[in-house]
Every structure is written in structure tokens, then in C-alpha cells.
Amino acid sequence: MHYHVDRLFPGAAPLIEALASEKKDFASLLADYEELSTWLAVRERSAKTDDEEIGNVRELIKELENEIRQQLEKYDEHPC
């Protein structure tokens, strides 16, 4: 299950699952996105986390989102 990715690309769940099962690099990309998104969700609720650290993670998440989008568009006739 790819909770954060499925929320980002709600109509692409079947393609996401197919690509994740066929391509290790895509599955790894999804895992990285899930891990960082979960980390961010937890840390944003904590006053202990440095704003700069949160900003850096948000940047990484955006980069991963773009990379996931590019992969989905590459293999789907209906772009995200």
C-alpha cells in the first residue's frame, strides 16, 4: 500500500502497483516518498523539529513527486 502516493495520484493506483511490482527502482522511489511523507507528517505536529529541516524534507518530497509523476506519465497514456 502506498498511502501518500495514492493520495497524490488517486486515479493511478493500478498503474502505480503494476510499476512497483515490475520495476525495483520505481518501488524504491515510492518507498522513499512514503518514508519522507510519513516523517514530515509526524514532525510537523512536533514543535521540536527545526523549520529548516522540515523545509529540506519538503524539497526532497517535491523532487520525488516530480520523479514519480514523470515515471507515471512515461507509462500511462493519460498523464497525471
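This is a predicted model: local features need pLDDT of at least 70, side-chain atom pairs count only at pLDDT 80 or more; totals for chains, interfaces and linings use all residues.

**Helix packing.** I started with H2 (residues 13–22) and H3, whose axes lie 5 Å apart at an angle of about 120°. That angle makes H2 oblique to H3, and the crossing is left-handed. I then listed who touches whom: H2 brings Ile16, Leu19, Ala20 and Glu22, while H3 brings Lys24, Phe26, Ala27 and Leu30. Sorting these residues gave me six nonpolar, two charged and no polar.

**Salt bridges.** How many salt bridges does the structure hold? I found two.

One joins the side chains of arginine 58 and glutamate 44, at 2.3 Å from N to O. Arginine 58 sits in helix H4 (residues 51–75) and glutamate 44 in helix H3, so this pair, 14 residues apart, links distant parts of the chain. I checked accessibility too: arginine 58 is partly exposed at 43%, and glutamate 44 is partly exposed at 41%.

The other joins glutamate 65 and lysine 62, at 3.4 Å from N to O. Both are in helix H4, three residues apart, so about one helical turn separates them. Is glutamate 65 buried or exposed? Its relative accessibility is 11%, so I noted it as buried, the cut-off being under 20%.

**Arginine 43.** Last, I looked at arginine 43, which belongs to helix H3 (residues 24–44). It is partly exposed, at 30% relative accessibility. Glutamate 53 is ten residues from arginine 43 in sequence, and their C-alpha atoms are 9.7 Å apart.

Key: Residues are numbered from 1 along each chain as its sequence is written. Side-chain values use heavy atoms; hydrogens and water are left out. Helices (H or I, at least four residues) and strands (E, at least two) are DSSP runs, numbered from the N terminus. Buried means under 20% relative accessible area, exposed over 50%, partly exposed in between (1.4 Å probe, protein chains only). Axes are lines fitted to C-alpha atoms, for helices over the stretch in contact, and angles run from 0 to 180 degrees between N-to-C directions. Angles under 35 degrees count as roughly parallel, over 145 as roughly antiparallel, 65 to 115 as roughly perpendicular and the rest as oblique. A crossing is left-handed if the near helix is turned anticlockwise from the far one by less than a right angle, and right-handed if clockwise. Contact means heavy atoms within 4.5 Å. Ala, Val, Leu, Ile, Met, Phe, Trp, Tyr, Cys and Pro count as nonpolar, Asp, Glu, Lys and Arg as charged, and the others, Gly among them, as polar. A salt bridge is a side-chain nitrogen of Lys or Arg within 4 Å of a carboxyl oxygen of Asp or Glu.
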